[in-house]
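Okay, thanks everyone, I'll keep this short. Have a look at this one with me, and we'll walk through a few side chains.

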Amino acid sequence: MTEIAPYEQGMSPVEMHQGLVDEIQAIRVERGYNARSELVTAKYEIGRAVITSPLYSRYTKGVGELIRKIGEDVGLQWRSIYDCCRFYHLAEEAGGLEEFFAKNNIGKQMSWSAIQRLLPKNQSDVAADEVEKLSKLPAPDRANRASAGRYARRRVGQVWRDEDQQKLLKLLAVEL
């Protein structure tokens, strides 16, 4: 951590104030980096744990089902675990975590969301069973699901009414 010079006798209140501001800024930068670095390292290690598990290649229902089940068991969304696995693969292709950071010029402003933007975004990166499930839906059902999602997102933070529930049920063609 960056060391800040101690307050010296005879410093004006303005100088002491600026010294305090500088010290707090240094703490924020350093501790923020440490926290983001720990999160990114944890994501890498989660990906490594899944990829190197014997279940990863032998799981009878497929990798997507394994990732989904792990997510349920540890309380994470399957997409998050899937991104951890993709991150691990990408970092290993670069030669390891440190090499990945160097290759992508990732410094003190490191964040998981920035790393997620570096992950490949082509069709092969989407879990195959999710693509298959969506492709089997007729076009109106896909559009209705998207409409339902947009409607629900607009209602976040508001009181959920019976009318809201009925609208979603109608869009999703769910009968109770």
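So, first thing to find: Arg 68. Its charged end sits over the ring of Trp 78, 5.3 Å from the ring centre. Keep in mind that this is a predicted model.

Let's stay with Trp 78 for a bit. How exposed is Trp 78? Partly exposed, at 23% relative accessibility, because the buried class means under 20%.

Now the aromatics. There are six aromatic pairs in the structure. One of them joins Trp 78 to Tyr 82, and that pair is tilted, with the centres 6.2 Å apart and 50° between the planes. Where do these two residues lie? Both are in helix α4, residues 78–94, and they're four residues apart, so about one turn of the helix. Tyr 82, for its part, is buried, with a relative accessible area of 13%.

Moving on to the other rings: Tyr 44, Phe 87, Tyr 88, Phe 100, Phe 101 and Trp 112 are linked into a cluster by ring pairs.

Last stop, the backbone. Which loop holds Asn 105? The one between α5 (97–103) and α6 (112–118). As a general point, most residues other than glycine have a negative phi. And is Asn 105 buried or exposed? Exposed, with a relative accessible area of 70%.

Conventions. Residues are numbered from 1 along each chain as its sequence is written. This is a predicted model: local features need pLDDT of at least 70, side-chain atom pairs count only at pLDDT 80 or more; totals for chains, interfaces and linings use all residues. Side-chain values use heavy atoms; hydrogens and water are left out. Helices (H or I, at least four residues) and strands (E, at least two) are DSSP runs, numbered from the N terminus. Buried means under 20% relative accessible area, exposed over 50%, partly exposed in between (1.4 Å probe, protein chains only). Rings of Phe, Tyr and Trp (its six-membered ring) pair if their centres lie within 6.5 Å; planes under 30 degrees apart count as stacked, over 60 as edge-to-face and the rest as tilted. A charge sits over a ring if NZ of Lys or CZ of Arg is within 6 Å of the ring centre and within 35 degrees of the ring normal.
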